[in-house]
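Trainee: I would like to learn how to read a sheet and a domain interface. Can we work through one example?

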Amino acid sequence: MSLNEVKSKKIDGRLFAQEYLDKVLKPRCETFVDIYKKLPKLSTILVGESPASESYLKLKDKFFAKLCVESEVFRLPEETTEEELLAFIDKQNHDNQIDGILVQVPLPSHINEDTISESIAPSKDVEGLSPGNVHAWAKALPNLVPATALGVLALLKFYKIPIEGKHAVIVGRSMIVGKPVTHLLLKENATVTVCHSRSKPLEEYTKQADILIAAVGRPHLIKKGMIKDGAIVVDVGINFENGKMLGDVDYDDLSETASYISPVPGGSGPATVCMLVSNLLLAFELKHAKKSEEKLNCLRDYYANYDTIGETGFCIE
Ligand code: NAD
């Protein structure tokens with residue numbers, strides 16, 4: 001059956017997360033307990049308040065609890081200076097009990113996000129945004145890759161959606177989503193177009209997409225008439241309007257036209273959390289690998305694992 005004949009199948013991030021938890025993460029955690037007698041610990045730093053970050057934290061904590069992976073959240077006030085935040089991160093870089101550090105974005109405007117991501121020790125950089133990690137994913141070398149981008153790819157593979165030779169249009173060019181998704185899809189041999197706030201008219205680009213990834217942060221920016229029939233749509237956006245969580249895509253508007261479409265909530269968010277845990281486990285393994293050959297094996301296993309999502313039993317038939 002061609003994709004066009006299956007109208008508007010939901011890309012279910014919660015289903016993916018449950019499967020990934022049971023079949024990949026739990027067994028890996030059990031092995032860690034056997035070998036290292038402990039599980040990794042993640043430190044999450046939140047500066048000021050952001051509804052999107054709060055919803056992500058809630059989801060993350062629920063998920064981490066299921067795996068017994070330790071996660072501590074540090075809430076710093078909005079007026080924290082860049083120097084104070086850098087000193088805080090430096091302490092955690094040297095804390096042997098902490099295996100991964102995640103600084104939630106957006107940060108208050110007086111703090112430079114690049115300066116902060118560059119200050120995180122590359123070995124603890126579970127968001128894959130420190131310079132060495134960016135260099136690696138830009139060159140398609142195995143290393144820590146931003147979790148949201150990996151989550152998008154994992155969802156496509158889970159639903160066995162062909163990527164090679166397809167035209168992927170990504171709306172949003174941020175370092176945390178748009179750019180890493182671009183590199184991951186290029187690695188999968190898609191042809192990629194990246195749109196941003198100056199891409200006008202946006203629908204001229206989105207209508208060309210076989211696979212459309214929306215990572216903007218504008219509620220229901222992508223509407224009826226903006227995609228072609230049978231397109232695959234992954235909505236990364238998390239927006240709040242009157243207390244309601246909305247994606248960048250108008251799901252109801254597009255669900256007649258798209259062949260596959262992810263909802264918000266329940267789409268990309270749970271997949272991101274899965275990949276964050278996966279990155280934390282990788283950081284922990286790399287820390288314990290003594291020889292460079294062992295490190296290389298960890299990276300190979302990690303990539304083999306997520307590369308084969310679509311080929312193993314771990315996918316939707
Ligand atoms: P960002 O603000 O850093 O980047 C937004 C991008 O959208 C920019 O590249 C900008 O040029 C582009 N843009 C803005 N207005 C546009 C328009 N009208 N047309 C086309 N492009 C436009 O945001 P980000 O950190 O990449 O996050 C994007 C969204 O994804 C947010 O809603 C965020 O909350 C969400 N997010 C979700 C997850 C998840 O797990 N699902 C993870 C991270 C971020």
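Mentor: Start with a definition: two strands pair if DSSP finds at least two bridges between them. The model here is predicted. In it, strand β5, residues 167–171, runs parallel to β6 and is joined to it by 5 bridges.

Trainee: Which residue of β6 is the bridge partner of H167?

Mentor: T191 is the partner of H167.

Trainee: What is the strand order of the open sheet?

Mentor: The 6 strands follow the order β1-β11-β8-β7-β5-β6, and the pairing is parallel. β1 and β6 (191–195) are at the edges with a single partner strand each, so one side of each has no neighbour in the sheet.

Trainee: Now the domains. Where are their bounds?

Mentor: Domain 1 covers 3–11 + 39–144 + 278–304, and domain 2 covers 147–269. Their C-alpha centres are 23 Å apart.

Trainee: How is the size of an interface given?

Mentor: Often as the accessible area lost when the parts come together. In this case domain 1 and domain 2 bury about 2300 Å² between them, with 65% of it on carbon and sulfur atoms. The contact involves 22 residues of domain 1 and 34 residues of domain 2.

Trainee: How many salt bridges and how many residue pairs in polar contact are there between the domains?

Mentor: The count is 0 salt bridges, and 6 residue pairs are in polar contact.

Trainee: Which elements supply the side of domain 1 that touches domain 2?

Mentor: β1 (9–10), α2 (51–67), α5 (131–138) and α11 (292–307) each give at least two residues. The largest share, 4 residues, comes from α2. By type, the residues of that side are 14 nonpolar, 4 polar and 4 charged.

Technical notes:
Residues are numbered from 1 along each chain as its sequence is written. This is a predicted model: local features need pLDDT of at least 70, side-chain atom pairs count only at pLDDT 80 or more; totals for chains, interfaces and linings use all residues. Side-chain values use heavy atoms; hydrogens and water are left out. Domain bounds come from an automatic or database domain assignment. Contact means heavy atoms within 4.5 Å. Buried area is the accessible area (1.4 Å probe) that two parts lose on being put together, summed over both. A salt bridge is a side-chain nitrogen of Lys or Arg within 4 Å of a carboxyl oxygen of Asp or Glu. A polar contact is a pair of N or O atoms within 3.5 Å; within protein, one must be able to donate a hydrogen and the other to accept it, and residues adjacent in sequence count only if both atoms are side-chain atoms. Ala, Val, Leu, Ile, Met, Phe, Trp, Tyr, Cys and Pro count as nonpolar, Asp, Glu, Lys and Arg as charged, and the others, Gly among them, as polar.
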